[in-house]
Amino acid sequence: MELAQALREALPDMLRPPELGEGPHPTEPTAQTPAPVPVPVRRRRRVRAHRYHWEVGGGAIVALGPGRDGFANALVAARVGWFPQDRLGFSITAAYANLRARNDERASNVLLLAGVETAVDLWPARHIFIPLRAEVGYLPNNGPVFRLTAGLSFQLARRVRLEVDLLSPTLWVLPETSPVSLDLGVTLHVGL
């Protein structure tokens with residue numbers, strides 16, 4: 001009985017919050033409470049868009065010239081890319097080009113391009129990126145070619161990715177005129 005009476009009298013004082021200035025500061029460690037151990041912050045590792053320093057690829061491009069004097073050119077291309085860092089690469093492309101010539105005839109030529117490229121995250125967990133590329137080239141017996149490309153890149157396997165060019169304005173500097181085409185392309189890349 002005396003124990004129950006003593007607990008009833010002490011309980012209200014034990015449950016009362018301490019007033020300011022009483023006892024140790026809550027952030028100061030005491031002999032009874034150990035100091036909190038800092039937890040290291042884990043940073044998520046950035047997903048690599050280009051897993052290998054070297055890539056080879058091949059694909060097809062359709063160049064569509066809009067307007068009254070519209071045209072359609074077809075190219076079959078082979079590309080070698082070197083990525084000294086992830087998301088920074090340099091490429092060389094050689095393409096067989098079947099072009100519209102004078103009098104609506106077709107002509108064959110070889111287009112050589114050199115470019116610089118990068119990639120922007122779209123869905124990195126699924127290895128889906130937006131590749132961005134700027135290329136400068138030369139079409140023999142015609143003139144320079146300037147091409148900007150943006151599209152989608154999908155990882156198909158550890159070493160294989162598929163790149164789809166969705167927006168590729170291309171300026172063809174020819175002797176008489178300088179048409180612009182909007183290109184669509186598909187390239188399969190293999191990492192080495």
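Trainee: Does serine 91 count as buried or exposed?

Mentor: Bear in mind that this is a predicted model. Buried means under 20% relative accessible area, and because serine 91 has 3% relative accessibility, it counts as buried. Of the 192 residues of the protein, 31% fall into that class.

Trainee: Where does serine 91 lie, and which residues does serine 91 touch?

Mentor: Serine 91 belongs to strand E3, which spans residues 88–100, in a protein with one helix and eight strands, arranged along the sequence as α-β-β-β-β-β-β-β-β. Leaving aside residues up to four places away in sequence, serine 91 touches, among others, Val80, Leu113, Arg133 and Glu135. Glutamate 55 is 36 residues from serine 91 in sequence, with a C-alpha to C-alpha distance of 9.1 Å.

Trainee: How is a pair of aromatic rings described, and how many such pairs does a search of the whole structure find?

Mentor: The description rests on the distance of the centres and the angle of the planes. The search finds two aromatic pairs. In one of them, the rings of tryptophan 54 and tryptophan 82 have centres 6.2 Å apart and planes at 35°, so the pair is tilted. Because tryptophan 54 lies in strand E1 (residues 54–65) and tryptophan 82 in strand E2 (residues 71–85), the pair ties together parts that are 28 residues apart in sequence.

Trainee: What are the relative accessibilities of tryptophan 54 and tryptophan 82?

Mentor: Tryptophan 54, at 44%, counts as partly exposed, and tryptophan 82 is partly exposed with 37%. Ring pairs link Trp54, Trp82 and Phe90 into a cluster.

Note on methods: Residues numbered from 1 in each chain as written. Predicted model: local features only at pLDDT ≥ 70, side-chain atom pairs only at ≥ 80, totals over all residues. Heavy atoms only, no water. Helix = DSSP H or I, 4+ residues; strand = E, 2+ residues; numbered from the N terminus. Buried < 20%, exposed > 50% of the residue type's maximum accessible area, 1.4 Å probe, protein only. Contact = heavy atoms within 4.5 Å. Phe/Tyr/Trp six-rings, centres within 6.5 Å; stacked < 30°, edge-to-face > 60°.
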